[in-house]
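This briefing walks through selected features of one protein model, grouped by topic. Please keep the sequence and the coordinates at hand while reading.

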Amino acid sequence: MKNKPSKVANPLTRKHMPEDFEISLDAYINRDSKGQGYREGEPRIPTDLGLPQSMQGFENTYRNIIDYIVRITFRIWEDRDVGYIAKTYAQDSMVYDDYGLQRGSEKIIFDTHHTTGAFSNIRLIADDVIWAGNDEIGYHTSHRTLIRGTNDGDSKYGPATGRDVDVLVIANCVALGNEIFLEHVLYNNSCLVTQLGHNLEEVAARMVQQGSLGWPRSPDIWQDLRSAAAPPVPLSLAEPVTGFDVDAFARSNWHLLWNEHDFSALERNYIKDFSFSGTTDRVFKGADSYAAMVSEIRQCFPDLQVQIDEVYWMGNENDGYLSSERWSGTATHSGEGKYGAPTGAEIQIWGISQHRIVSGLIEHEWMLFNELELMMQLAAARS
């Protein structure tokens, strides 16, 4: 099929999950904590690039996969070497984002030039990187980033507003031989739009009218988005283990909260005052706010059913775990609520979540989903 890349992301197994944090962003930056994220004033690129790791096929300058992800991002965005994308993204790379499917490194180069033109002082700050895999099967990375800058140029959302933005990004990439060939990325565009001072509903409707290359996605592309790198059988079933199992924990937690609407999972699986950082302006602490968020979304989409497409992690029971879960679902817009009067449209929703898990309990959850595109789907149904 023409939408299949030349490289295929093979599913990970348990042997591909790092059992410690010796190669991690925390170790790379020399942070004194695990999974706490960026701290103001810390070094962006260290002089010591960390422990060596097998990087066959990658440029010799990169010491390990953390070093690769952090430094190519810095070079492309902040050193403005946008052309370097041609060396670090496959020519036929596939990038799934809020606007459907973007194909090829040339499209990525074009989009990056557009963004740096709209935010001349843009910075992409590494908050954390969860990784698994190796240089044979491919390195899978879940890169959490903070985008900061001033909108001093025109963007796809409208004329320059002069406003500062500070938005969360999560990009799940698969890299092999110095090239990223598969990426699922969510830029929290709904948050970006509101920080720029625009009306979210109006922007979604306008983007539908203008058309977006790669959107709306076809059923085949939607299936590819969900199945890419996904194991045929969850690891908790294919490779069962005794003791705490991140795969089983993640899948059960998602199913109970989002499919069963069972909020007792918040008491069993989270610490009391856990922190949540999410799509648009959803930043809060504790179970009550989380339950309210789920209920608000399910009120609009009562038949929502989500599935976990991919789970990987790093860590151990003593030190805790950092996990990445990519998930997706479909639903019918049949309920009144946050997204307006019901349209009856069947919608596609997908997201990426990260968790910091200590002693079997979640201390912090980061979660982004395609909210701007979700509103575009509803705007299209109303047009």
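Helix α6 (residues 200–210) and helix α12 (residues 371–382) have axes that come within 8 Å and cross at roughly 65°, which makes α6 roughly perpendicular to α12 (a class that runs from 65 to 115 degrees, with under 35 counted as roughly parallel, over 145 as roughly antiparallel and the rest as oblique). The model is predicted, so local features need pLDDT of at least 70 and side-chain atom pairs count only at pLDDT 80 or more, whereas totals for chains, interfaces and linings use all residues. Residues are numbered from 1 along each chain as its sequence is written, and side-chain values use heavy atoms, with hydrogens and water left out.

**Helix packing**

- Helices (H or I, at least four residues) and strands (E, at least two) are DSSP runs numbered from the N terminus, and axes are lines fitted to C-alpha atoms, for helices over the stretch in contact, with angles from 0 to 180 degrees between N-to-C directions.
- The residues of α6 that meet α12 are Leu200, Glu201, Ala204, Ala205, Met207 and Val208, and their partners in α12 are Leu372, Met375, Met376, Ala379 and Ala380, where contact means heavy atoms within 4.5 Å.
- Helix α9 (residues 246–259) packs against helix α11 (residues 287–300) at an angle of about 60°, with the axes 10 Å apart, and that makes α9 oblique to α11.
- On the α9 side Leu257, Trp258 and Asn259 take part, and they meet Tyr290, Met293, Val294, Ile297 and Arg298 in α11.

**Aromatic rings and charges**

- Rings of Phe, Tyr and Trp (its six-membered ring) pair if their centres lie within 6.5 Å, and planes under 30 degrees apart count as stacked, over 60 as edge-to-face and the rest as tilted; by this rule the count comes to 16 aromatic pairs.
- The ring centres of Phe58 and Tyr139 are 6.1 Å apart and their planes stand at 65°, so this pair is edge-to-face.
- Phe58 lies in the loop between α1 (25–29) and α2 (65–77) and Tyr139 in strand β4 (residues 138–150), so the pair ties together parts that are 81 residues apart in sequence.
- Both Phe58 and Tyr139 are buried, a term for under 20% relative accessible area, with exposed over 50% and partly exposed in between (1.4 Å probe, protein chains only).
- Phe276 and Phe284 form a stacked pair, because their ring centres are 4.6 Å apart and their planes are at 10°; Phe276 and Phe284 are both buried.
- One aromatic cluster is formed by Phe58, Tyr62, Tyr68, Trp131 and Tyr139.
- The charged end of Arg75 sits over the ring of Tyr84, 3.6 Å from its centre, where the rule asks for NZ of Lys or CZ of Arg within 6 Å of the ring centre and within 35 degrees of the ring normal.
- The charged end of Arg144 likewise sits over the ring of Trp366, 3.6 Å from its centre.

**Individual residues**

- Glu371, placed in helix α12, is buried with a relative accessible area of 1%, and leaving out residues up to four places away in sequence, Glu371 touches Asp98, Ser190, Thr279, Thr280, Arg282, Lys338 and Tyr339.
- Ile147, in strand β4, counts as buried at 11% relative accessibility, and beyond four places in sequence its contacts include Ile122, Leu124, Val165 and Tyr187.
- Asn188, in the loop between β6 (179–186) and α5 (189–195), has a positive phi near 55° without being a glycine.
- Ser359 also has a positive phi of about 55° although it is not a glycine, and Ser359 is exposed, with a relative accessible area of 66%.
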